[in-house]
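Keep the model open beside you as you read.

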Amino acid sequence: MSNVLSSNVGYPRIGGNREWKKELEKFWDGKITEEELLNNTKAIRLEGLKKQKEKGIDLIPVGDFSLYDHVLDTSVLFDVIPKRFQENADSRTPLETYFAIARGTKDAVASEMTKWFNTNYHYIVPEFNESKPTLKENRPLIFYKEAKEELGIEGKPVILGPITFIKLGKGYEEKEFPELVSEFQPLYIQLLQELKEAGVKWVQLDEPIFSTSLSETGLQQAKQVYEAIAKEVPGINVIIQTYFETVDAYEEIVNLPAAAIGLDFVHGNSLELLQKHGFPKDKYLAAGVIDGRNVWRHDLNEKLGLLESISRFVDKKSIIVQPSCSLLHVPVTKEVETALDPVIKDALSFADEKLAETAVLKRGLESEKESIKKEIEESITAIRTLNDSKYRKPIKGTAKINELKADRGLPFNERIVSQKEKLQLPLLPTTTIGSLPQTAEVRKQRLKWRKGEITDQEYEQYIKSEIEKWITIQEEIGLDVLVHGEFERTDMVEYFGEKLNGFLVTKFGWVQSYGSRCVKPPIIFGDVSFDQPMTVKESVYAQSLTNKRVKGMLTGPVTILNWSFARDDISRFDVLDQIAATLRSEIEELEKNGISIIQVDEPALREGLPLKEDKWKEYLDRAVHAFRLATASVENSTQIHTHMCYSDFEDIFEAIHALDADVISIETSRSHGELISAFEENTYDKEIGLGVYDIHSPRVPSTEEIKDNVTRALKTIPANQFWINPDCGLKTRKEEETIAALKNMVEAAKEVREAQLAAQTK
């Protein structure tokens, strides 16, 4: 074994062309058996392992693969199954129960889904109050044996660590946390003992929660559980892996009993802490020096310099070179992107390329800089060529963005009067969030258009026919405010990336967002600017088909930034303001063309909140400014909506208020109504649309279930401020279930409306 080790924290599970997604959806549609699903996804998993081996990675992760979500995998590993899915479990296979927890069933609501720290990945929230944990099946051991037997790989099992796993869950009070840790401690020990007995040498326990502001109790429990592991399972090399930020309690964390501590040297100030406090002599430092969350190539000279700085405090033989976090958050490989300009392509680095960079840096650190001179020069040349190219030339006008007004003309309580007069909506108006089902036929027609098999005119006519069909359906259902359905859009960010200057969209640059849902984040390579209207044509056409109001639909500046791979040569906040200015132009065009309700979605506002509280204010101030910059120029009678989903709103309540949107719609059903508590504890004087049913599950909620959700909310929120809508866009749902669910939603709204009006007349 070489002096310096290389490692990978995690690898994309989706396959180079989303083969994983396709297999899952075939299984859910009943087109393949469970056995076929498992065999087909095994082939995808083994291909990923093989590539990592070929790239020269020493410690290759196993067990990071998932059929849905790694947090859900951990719940099932320890038999943490919500009671509603334990009932009738004998009639399902374990895999069917697994998917039921994630997606729901006819009779059971899916478990809550929320964002994985400050990323666009979603995890299934563990529910600890309805089960007695046991080690159900040692899944990491199964994957370890598979890699060894099939490929001769001595894998590194990856397991979500006990502190993070419990902290991410629900169903217990904070004072019960130590008790829960004590309950899971012997199970983790049992799991690790079985791995050790099978010959496992290295194990990675992921503890990203250590990069947040962990309480003193949390630190005490971490010390307790890791001391117990070290005592009960000696001889196995445990890596306590942190990522996404610097660890706050640096001295306590690096001194936990483990063979190695993994630190992120890309985000935060780990190098400063290392220089200030040093590092234990008896441990390996797994140094995350390759950015696992962005797609730009690294200056290898700079990264080698970072490793050499680290080596002043840690012996080179004790350094493990690796990415900053799992490569789950970036596309698989840039090699298939044959249509990209070589100037941009050469400056990119996806998962496979990041592994190659990791292996190169390992060689450079363990021998001499001269040994990787060629690779260093190639990296510097690629970056310099892009920076000197036309793609990085400043665009005229971006310097004047800071002169634009970012305030509406009147306060909300005055402009809402003119909006109500103009819009003439009923009490408890109903609407949807924006997208409507994109069927296989919609996707087929788009693909034919992209391949040139149908003309622009034919494709546009097809989109018009879908809009017309769904305007009719929405009118028949009885919705009050309609949407055009977004049939022309592949994704809520990718679509704008295709339209705006300064963005590019890849062909195969997919990453997992939740479940089988994959997105292609656009890449921001230069200054962002507005060319021509992007959404006006479809919105105006939809409005021409109905006397009801049709919402204009845009993705907000913070979400476009957070769900893109941003350029790394200027401030993210400068990029944010550029995006906001382009959306301002689009909103003005919508208003000019008679669209009087405009929704600017910001589902990523909470997601982008820094993990360190001392960084929150700057981020939220800039996020609020960008939203207001985009929306401030409309007339007072034009109603601005926004939408957010799967967030802890308590942390950003003041910022939500400061956005000054006239209506905010938020998710509440997936969290089983718990998010309403944010509005119970805070006064909100604007209008609110609470998501009353979960669109990420195929189940159709009953009218009574929706009424219950509305009724609870109306105990806190006045009816004259209240809108009724689904949790999120309906793009991924089937037509029949969408229509059935919306009919029940409208019926529930009518019944509650009648009851409210009757109460008012008494």
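A charge sits over a ring if NZ of Lys or CZ of Arg is within 6 Å of the ring centre and within 35 degrees of the ring normal. By that rule, the charged end of Arg45 sits over the ring of Phe65, 4.9 Å from its centre. Arg18 lies over the face of Trp510, 3.6 Å from the ring centre.

This is a predicted model, in which local features need pLDDT of at least 70 and side-chain atom pairs count only at pLDDT 80 or more, while totals for chains, interfaces and linings use all residues. Residues are numbered from 1 along each chain as its sequence is written, and side-chain values use heavy atoms, with hydrogens and water left out.

Next come the aromatic pairs. Rings of Phe, Tyr and Trp (its six-membered ring) pair if their centres lie within 6.5 Å; planes under 30 degrees apart count as stacked, over 60 as edge-to-face and the rest as tilted. The whole structure holds 19 aromatic pairs, including these two:

| Pair | Centre distance | Plane angle | Class |
|---|---|---|---|
| Phe78 and Phe184 | 5.6 Å | 80° | edge-to-face |
| Trp116 and Tyr123 | 6.0 Å | 80° | edge-to-face |

Phe78 and Phe184 are both buried (under 20% relative accessible area, with exposed over 50% and partly exposed in between, using a 1.4 Å probe and protein chains only). Trp116 and Tyr123 are buried too. Ring pairs also link Phe78, Phe128, Phe165, Tyr172, Phe184 and Tyr188 into a cluster.
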